[in-house]
Amino acid sequence: MTFLRRTAPPGSGLPESHPRRSWRTGTRRRAGAAVALLTACAGVAGFSAASPAPAEESPEGGSDMPRTLQAAPDSLQTPFEESDGAEWTTVAESQRFWRQLDRGSDRVRVTTVGRSVEGRPLQLVAVGDPAPAEPEAAAQGSVLLYTCSVHGNENSGREACMQLARDMSTTTDPSWRRLLQRTTVLFINLNPDGWEADTRQNAQGLDVNRDYMALQSPEAQTVVKIIRDWKPDVLNDLHEYGSNPYYRTDLLQLWPRNRQTDQVVHDLARTMSEEYAAGEVVAAGYTSGEYGIYVKDGEPFLQVAGDEQGRILRNYAGLQHVVGMLSETANDPLNAEEEADESLLNRRRVEVNYLSAVGSAYFTLENRETLARETAAAAVRVTEEGANRTGVVYFAGQDNVLPTSGNEVEPEPMCGYQLTVEQRDALRQTLRLHGITWRNNAQGAFVTMAQEDQPLIPLLLDARSEYRIAEATPVETC
């Protein structure tokens, strides 16, 4: 990938043409301080950001991670690259690309982990050095997961994933090899039916990124199984958005806002999103902002998206103790040059998601041990909360907004939920996909809150939850 020289969009507050800036010099200090502070505040000992190796820090600001990858030989070009951004890669072409990459590199393994509604393969690409770990071994270590364009008409995420996986498979850079030796990197190619039809939805007409609780689509089921079985520590969900005068940056990024997310996991995700993913994008001369927030003259004035819904992947990931984030790049022109040259626009879309993905990789490289420790500790913490009936159960609100109704919060948590026989039988498969356990009894089944899925259980089973899949009976006496 050849990086573009960025021309700032009107109204961004940046000069019309500006070089790569020294973003990381100041922000590296803030990032390290933030990582140390957030765990200290949560009572977690021994947590600090590792100092980057010399090869990982650029004298121009930002990390060297994007540029060192570019030294990898372009032995396998995507159709998008071959056309210089004029043509998007098709479903069939992507399948050929992944087969060639699998055959050509021991670092890459491509497997079919599910089928779409119309029967197309859902391919999971695993990358590691010298070879990717198997799921059980990887789950005990470090895993970084990229979800590549769950919406079929958002092209840049899957193009970025193809290029990044290819570049990882060939790089000789010591920093990247150290990442791949210690972390299994996964790419899941989602919604090929929507990709083929050029639609946001899948072939059922469902928005898969609103289906991570109900699991009505095979695509969402596949992602949830990957999270359950591989136990990723880090996730970056790659998307695109439509800009307007108040919503106009190259990247919009966001962390899990759901108040049921463990605080340490939430704060780690926010650090990755704001300091690392956005940091790589800004260091390359692009602009970044917070997803869902309209801004005028530098002042945020309206939130239009990016709420706490547990059925959205960045929030679902947080509920499952994954340090996750959302990346969205503008899919329409942000300046006159992009207006005049669609290929330039398309290349910028891909590059921004690529850089955000590199930022998540850099975050994982610097904080691998901390991430593995704290995601595992979060599962223990919520299990203990469920057993001791401590904390607060939130059915609404988000990290920057408290609930406004007593029916949206439960300050005295329940022991668990009682399912009827009919509910148990209807929900059995869905609960298993989420990793939730239950105990059969004469009335049906009891789902205890004393388990790793404690944050998710009330959102699925309580009548007070907007996106519940059943109205089970809260059990107050243990």
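Reply: What follows takes those topics in turn, and please keep in mind that this is a predicted model.

Me: How many disulfides does a search of the whole structure find?

Reply: Searching the whole structure gives two disulfides, and with bonded cysteines counted along the chain they follow the pattern 1-2, 3-4.

Me: Ok, what about Cys148 and Cys161, how far apart are their sulfur atoms?

Reply: The sulfur atoms of Cys148 and Cys161 sit 2.1 Å apart in a disulfide. The pair links distant parts of the chain, with Cys148 in strand E3 (residues 143–148) and Cys161 in helix H6 (residues 156–170), 13 residues apart.

Me: And which hand does that disulfide have?

Reply: The disulfide of Cys148 and Cys161 is left-handed, because the torsion about its S-S bond is about -90 degrees.

Me: Is Cys148 buried or exposed? And Cys161, buried or exposed?

Reply: Cys148 has a relative accessible area of 1%, so it is buried, and Cys161 counts as buried too, with a relative accessibility of 1%.

Me: Now the other one, what does Cys415 join to?

Reply: Cys415 is joined by a disulfide to Cys478, with an S to S distance of 1.8 Å, and the link is left-handed, with -100 degrees about the S-S bond. Cys415 lies in the loop between strand E12 (409–410) and strand E13 (416–420), whereas Cys478 lies in the segment after strand E16 (473–475), so this pair ties together parts that are 63 residues apart in sequence.

Me: Which way do those two go, buried or exposed?

Reply: Cys415 counts as buried because its relative accessibility is 4%, whereas Cys478, at 73% relative accessibility, counts as exposed.

Me: What about the residues between the strands?

Reply: The hairpin of E1 and E2 has five residues between the strands, and Gly119 in this hairpin takes a positive phi near 90 degrees.

Me: Last topic, which residues make the nonpolar surface patch?

Reply: Tyr246, Phe301, Leu302 and Val304 make a nonpolar surface patch of about 350 Å². One of these residues, Phe301, lies in strand E9 (residues 299–303).

Me: Why does Phe301 count as partly exposed?

Reply: Phe301 counts as partly exposed because its relative accessibility is 43%, and that class covers values between the 20% limit for buried and the 50% limit for exposed.

Technical notes. Residues numbered from 1 in each chain as written. Predicted model: local features only at pLDDT ≥ 70, side-chain atom pairs only at ≥ 80, totals over all residues. Heavy atoms only, no water. Patch = residues over 30% accessible without salt bridge, like charges linked within 9 Å, V, L, I, M, F, W, Y side chains within 5 Å. Areas by Shrake-Rupley, 256 points an atom, 1.4 Å probe, with all protein chains shown as cover. Salt bridge = Lys/Arg side-chain N within 4 Å of Asp/Glu carboxyl O. Helix = DSSP H or I, 4+ residues; strand = E, 2+ residues; numbered from the N terminus. Buried < 20%, exposed > 50% of the residue type's maximum accessible area, 1.4 Å probe, protein only. Pairing = 2+ DSSP bridges. Disulfide = S-S within 2.5 Å.
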